[in-house]
Amino acid sequence: MDDQLDLLDQIAGETRGTNAQDRARKQTVLVALRDHMSNSLQFVAALGPDWQLNYSHYGITDNTHCEWNQHGLRVSTGRDTAYMPWDELAELVENHPDRPGVVDYYRSVPHEKSIAFAQHTFALTRPHALSTEPAPHQSWIDDDHNRPGWNDRLEAWTTTITILNNALKEVAA
């Protein structure tokens, strides 16, 4: 009996299998952060006891709807909806040994009062070259490469993706 697959662990709403449901919830949010959200670096870098998100937002990319507010992040895909509070995300990423480099990059970008078309908006968003969406136009990639601080931005983003990949491995374990 111990070797038999417990299908109750996979049924939505079933309370006897909450570990698998919790794992799936976390994976849904982490995959959205890794693959679909252009603001992931900001969340990975800024999370901490003193962090307070001062705006709410939503976005839709490639059939994934993401919205966040001061409490956490909600992700809806074609088949799943998941929510993760910021403190839970912080537990998964804050002690990663490479996170200080991402935090340093985040803090080095000047935060201007108007975020519309501000340099920091471009400096903190996912580079088009790392997009998992359908291939962006080459001119967008070239524009990213020509912006000041391109190498630092690319390094911070590849590190952010690594941190999220490691969090996914931790959740799956």
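1. Helix α1 (residues 18–35) packs against helix α3 (residues 86–93) with the axes 12 Å apart and at an angle of about 80 degrees. Axes here are lines fitted to C-alpha atoms, for helices over the stretch in contact, and angles run from 0 to 180 degrees between N-to-C directions. That makes α1 roughly perpendicular to α3 (angles of 65 to 115 count as roughly perpendicular, under 35 as roughly parallel, over 145 as roughly antiparallel, and the rest as oblique).

2. A word on the basis: this is a predicted model, where local features need pLDDT of at least 70, side-chain atom pairs count only at pLDDT 80 or more, and totals for chains, interfaces and linings use all residues. Residues are numbered from 1 along each chain as its sequence is written, and side-chain values use heavy atoms, leaving out hydrogens and water.

3. From α1, Asp22, Arg25, Lys26, Leu30 and Leu33 meet Glu88, Leu89 and Leu92 of α3 (contact means heavy atoms within 4.5 Å).

4. Now the strands. β2 (residues 64–68) pairs with β3 (residues 72–76) in the antiparallel sense over 4 bridges, and a hairpin of 3 residues joins β2 to β3. Pairing requires at least two bridges found by DSSP; helices (H or I, at least four residues) and strands (E, at least two) are DSSP runs, numbered from the N terminus.

5. β3 also runs antiparallel to β4 (residues 81–85), joined by 5 bridges, and this hairpin has 4 residues between the strands.

6. Arg74 in β3 is a handy landmark: Glu67 stands opposite Arg74, while in β4 the bridge partner of Arg74 is Tyr83.
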